[in-house]
Every structure is written in structure tokens, then in C-alpha cells.
Amino acid sequence: MARLRRFISSRAALAAVLLGIARAAAAQTPVSLAELLPVDTAVRTGRLANGLTYYIRHNGVPGKRAELRLVVNAGSALEDDDQKGVAHLLEHLAFDGSTHFPGHEMWDYLERLGMRGGADVNASTSFDETVYRIAIPTDSAEVVTRGLQMLGDWMHGLALDSAELERERKVVVEEWRVREGAASRISTQQLAVIALGSPYPDHTPMQPADVMARASLAAVRRFYHDWYRPDLMAVVIVGDVDPAALEARVRRMYSAIPAPAHPRPRPAITVPVDSAPRISVVTDAEATATSVTVLVTRPAVPERTVGDVRRGIVAEAADAMLTARLTDLAHQAGAPMLDVAMGHGSIVRPLAFHQFSARAADGGVQRALRALLAEAARVQRSGFTATELERQTRAIRLSYDQLEAQRDRIPSATYADRLVNEFLTGAPAVPLERAVAIGRRLVSTITLDDVRRALADLVAGPGRIILVSAPAAATALPSVAELR
């Protein structure tokens, strides 16, 4: 589960936008903001008659290796009320018996190849999707075939044995126990406020032991039948491979997977964005610091045009410049906050957020919150200086230079992850060299007024949430009414 309390430094925020910029286009003609971002022409992609999407790309870093992904556009948010926890449980069971790998043969085979769980073989379940990943050697045709069979078995060939269910139930509960702590408990309570009115708060991927005890094999099988189907899945293959030859094998092997006769409609999950502030005050005995976060939320919109990319660059510049202002404020004697951070991202797919946060002294939540809002308001009124803007754009240009220098060293895993994102969100994965070129031209068009307007939009936003977390022993915590 994504952490809700992310304290992102200005450097990390800049890195995040540069990865976002790497999804942009870069034609040699003057930039049109309405221009759609192009896809990577090095990718062979298609959709089979049963609905399965595939992406195949050659990349030689590292040599004689390939990254394979099975992407399922279904996660814990699609569970029925009697299925809580089964999406994650199913992910574990996917390695415990299938058509071509009975019993524990899948793990045995991978271990014989010298592959390690986590580094070479992994899977993850989130609210909105499930992704399986294996990194295989490509100097053996038999190994490639077996890798493709694994993907096929995950799609339509799992045994889902009752004895394995009981074994994996214990593993999943232990995972929950290891991860359970102050940060997890606080995040869970904050999610109930952030995603109010949606399935997300009640259907987190990690569920406690008492909930997992009720997860039945019938519920697991029903989730597998309903959501692991070709029209909700994609195969991604990137590495030291022949894309044309591999495409023919993909089409031949996976076309036989049947499409469901009466597929259950996948709901378009949304999170209501309220104009009235939502407020959460959470304490935990194991929390070690007091923090206050202003979270501005809005419906997520994938980057599909050059204009979307420009807005992202301007927003990141505003982030970094305001962070610098707030950091200077935090370093002053008697400052109202101990440290600050700004950033943006998403917790669940349909909801985007922008946050600015502060760590406050005990009893200083309201003072820190007032300081955050006051500095943001001051910048909206008077703007930034030309020197601040030049410093930030110079940093962005330098980062473009660094990205371009890495162009020939991009690993296959990076390309694969970007294609996973393309399938799930519709934001195209664009070649790095084109992204850098267009980014360089866009950054030269940014004005002080652009940054001021972007900051106003980020701070005002359609939805505002105030999150306070503190140790249980904290004093003088404000009430929800006082914060409102």
C-alpha cells in the first residue's frame, strides 16, 4: 500500500518530474501544446482477438536478459465484500501450482536457473492492478519458452489448491504483521478520509489476520474467474530479444486463451472530491513525530499531450521554488516548523494529489499550518523572483543533460515499467531522446506568471484535505473544528 505521508525533497520531486517528462514527445518542428504524445515506435504492440494486449521491445541493457510482465488491470478495490484480501492472496497462490508447473515446480525451476525472489521474480498487488514480473536469461530458447508459459499459466491455468491456500494465508498474515506499525496504522486512518465515498478504504491490499481467516477458496476462484481475463490483461516483454519472432510466438501461444462469454463489467472507480475541507487528526503510541499536511486532490488525468507535459514542468518548478522558500523559513531561529516538503503523485489511480507538509514541534500544529498557508498565499500575491526562476530552470536543463547522457544505458526494467503504465493509464511511453528535446524547448517558455498561476492552482485545487498525525502523548493537538 502506498504511504500517504511522503516527505519528498526538492531533489526527489525534480527527479519525479524528469521521469514524467520522459513520457513526452519531441518533434523537430515548433511545439504545439495540443499535439498528442507519440508512442515508442520501437515497440511492437497489438491486441489479440480475445482482448489480450501485448508490448514487445528490444533493449540490450543488460545483454542476454529480458524483463517479462503480466499486467492485470484488477486489484483489491474490485473485491466483493466477502473477498477482502483475496487479490493479494491470489498473487501468492499464482506461484503454487499451474498447468505447466504443478505443485512448487515453478519456484523449483526458477531456482535451478539461479533466479532469486524479489530481484528476478516478483509480484505486487495494489488497489487498482496486479503485476507479475520475471527477469529471464535469453540465451536459451527453452528458458524463454518456459517464461512465456509462466505468463500464460498466470492468465489461465492456476490450480488454486486448498492446501496451498492455507499455507499462503499464513504467509500473507505474517507480511501484514511485519508491515503493521505506526506509519501503516496512521495511513489506514488517513485513507478513510482521503478516499471517502469510494471502495478503497475498506479494500486495502493488506488485510489483518481476522479478515484473512475468512477468505475462502471459492472467493479466490471467483476473483480469478471474474478479473483475470484477456481483455483486462497485458503482456510486456523488453530485453535482448527479436521482437518480430517473439510477437509471432505471443500471438500463437496466447490466442488460445478463451475470452469470457459473459464478462463482468469492470467498474470505473472514482473518488469524490469535495470542495469543503476534509480533516483527519490521528495519534499513535508508536509515532515519533508530529506532522501536518495539506493535501490538494483532483481527478487524475494521464499525460497525453505536449500541453500536459508543459503543465507538469511548470508545476514541478513551482513546487521546487516554494519548497526552497519554506526550507529557508524552517531554518530560521524560532521557525514555526522543523522541516518542510512538497510533492505530488497518486495514492489510488483515479485520484491525483499535491501536498505540502511540515514537521511541527509538540503543540505547534496550528502555527506550522498557518505558516505553510501564509507563505503559499504570499507567493500567489507577489510571485517569485526572476533569479529564483532562472535557478530552477537551470537545474532542469542540467538534469536533461544528465538524462541524455544515460540514453544508451537505460535498463530493460525501466522500459517495461513505462509500458506497464501505458497500458494501465493510457499515458504513452515516449523515447527518452524525444522527451529531452521537447522538454528543453518547453522549459525556455516558462514565465514567472506561469509559475504563480500554477502554484495558485496547486494550492487552491478542487479538494483540500488536512492531515495531522502525532504521538499519542502529544500535547495541545487542535481539534477538527479548530483546523477547519
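Leaving aside residues up to four places away in sequence, Gln149 touches His100, Phe101 and Met253, a contact being heavy atoms within 4.5 Å. This is a predicted model, in which local features need pLDDT of at least 70 and side-chain atom pairs count only at pLDDT 80 or more, while totals for chains, interfaces and linings use all residues. Residues are numbered from 1 along each chain as its sequence is written, and side-chain values use heavy atoms, with hydrogens and water left out.

Gln149 sits in helix α4 (residues 141–156). With a relative accessibility of 16%, Gln149 goes down as buried; that label means under 20% relative accessible area, with exposed meaning over 50% and partly exposed in between (1.4 Å probe, protein chains only).

Zooming out, the protein chain holds 16 helices and eleven strands, these being DSSP runs numbered from the N terminus (helices H or I, at least four residues; strands E, at least two). The radius of gyration is 24 Å, close to the 23 Å that the globule rule gives for 484 residues, so the chain is as compact as a globular protein of that length. Here the radius is taken over C-alpha atoms, and the rule is 2.2 Å times the number of residues to the power 0.38. The C-alpha trace spans about 65 × 60 × 40 Å along its principal axes.

Of the 484 residues in the protein chain, 53% are buried. Among contacts with a separation of 6 or more, 85% are between residues 24 or more positions apart. As for charge, there are 56 positive and 55 negative side chains, and the centres of the two sets lie 5 Å apart. Lys and Arg count as positive and Asp and Glu as negative, leaving out His and the chain ends; each charge is placed at NZ of Lys, CZ of Arg, CG of Asp or CD of Glu.

Now for the strands, where pairing calls for at least two DSSP bridges between them. Strand β11 (residues 463–471) is mostly covered, with eight of its nine residues buried. Strand β7 (residues 278–284) runs parallel to β11 and is joined to it by seven bridges; Val281 has Val468 of β11 as its bridge partner. Strand β8 (residues 290–299) is antiparallel to β11, again with seven bridges, and Ser291 is partnered with Ser469 of β11.

Another pairing involves β9 (residues 339–348) and β10 (residues 351–360), which run antiparallel and are joined by nine bridges. A hairpin links β9 to β10 through two residues, and Gly343 stands opposite Gln355 in β10.
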